[in-house]
Amino acid sequence: MSTSINIDAERNYLGLDAKARNYINRQANLFESMLPELLKTYSGQWVLFEDRRVIDADWNYQDLLERVKKAVGDKIVLIKKVESTIAGS
């Protein structure tokens, strides 16, 4: 069985059930609300984010993904790059 990882690039929820969509939507909203603070420490990095905290982070997406797969198994999670949402910033 492959690990279920959701990367919230464009909130693409294809293949997720309602519970998983709600979870990811909640996490994405929390992530966005904390973005100014996250940018101070994690700007440009990929993060595993849950409930207002960064669980793991890495500059390299593949390295983070491998650690997440080992740590969480078959679970839907939010992995997102910390970057400004304002063009040109």
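**View 1. Helix α1 bends at L35 in this predicted model.** The bend is about 65 degrees. A proline, P36, follows within four residues. Helix α1 covers residues 18-42. A straight helix of 25 residues would span 36 Å at 1.5 Å a residue. The end C-alpha atoms of α1 span only 30 Å.

View 2. D17 caps the N-terminal end of α1. One of its side-chain oxygens lies 3.3 Å from the backbone nitrogen of K19. Beyond the other end, just after α1, comes G44. G44 takes a positive phi of about 85 degrees.

**View 3. Buried residues of helix α1.** A20, I24, Q27, A28, L30, F31, M34, L35 and L38 are buried. An α-helix has 3.6 residues a turn, so residues three or four places apart point the same way. L35, where α1 bends, is one of the buried residues.

**View 4. The largest nonpolar core has 14 residues.** Within this core, F31, L38, V47, F49 and V82 have the most contacts. Two elements, α1 and β2 (46-50), each give two or more residues to the core. Helix α1 gives the most, with 7 residues. In soluble globular proteins, nonpolar side chains tend to be buried together.

**View 5. F49 and its contacts.** Leaving out residues up to four places away in sequence, F49 touches Q27, L30, F31, M34, L38, V54 and L78. Among these, Q27, L30, F31, M34 and L38 are buried residues of α1.

**View 6. Another core lies apart from the largest one.**

How values were computed:
Residues numbered from 1 in each chain as written. Predicted model: local features only at pLDDT ≥ 70, side-chain atom pairs only at ≥ 80, totals over all residues. Heavy atoms only, no water. Expected span 1.5 Å × (residues − 1). Bend = angle between axes of the 7 residues up to and from the residue. Buried < 20%, exposed > 50% of the residue type's maximum accessible area, 1.4 Å probe, protein only. Polar contact = N/O pair within 3.5 Å; in protein donor to acceptor, adjacent residues only side chain to side chain. Core = buried A, V, L, I, M, F, W, Y, C linked by side-chain atoms within 4.5 Å. Contact = heavy atoms within 4.5 Å.
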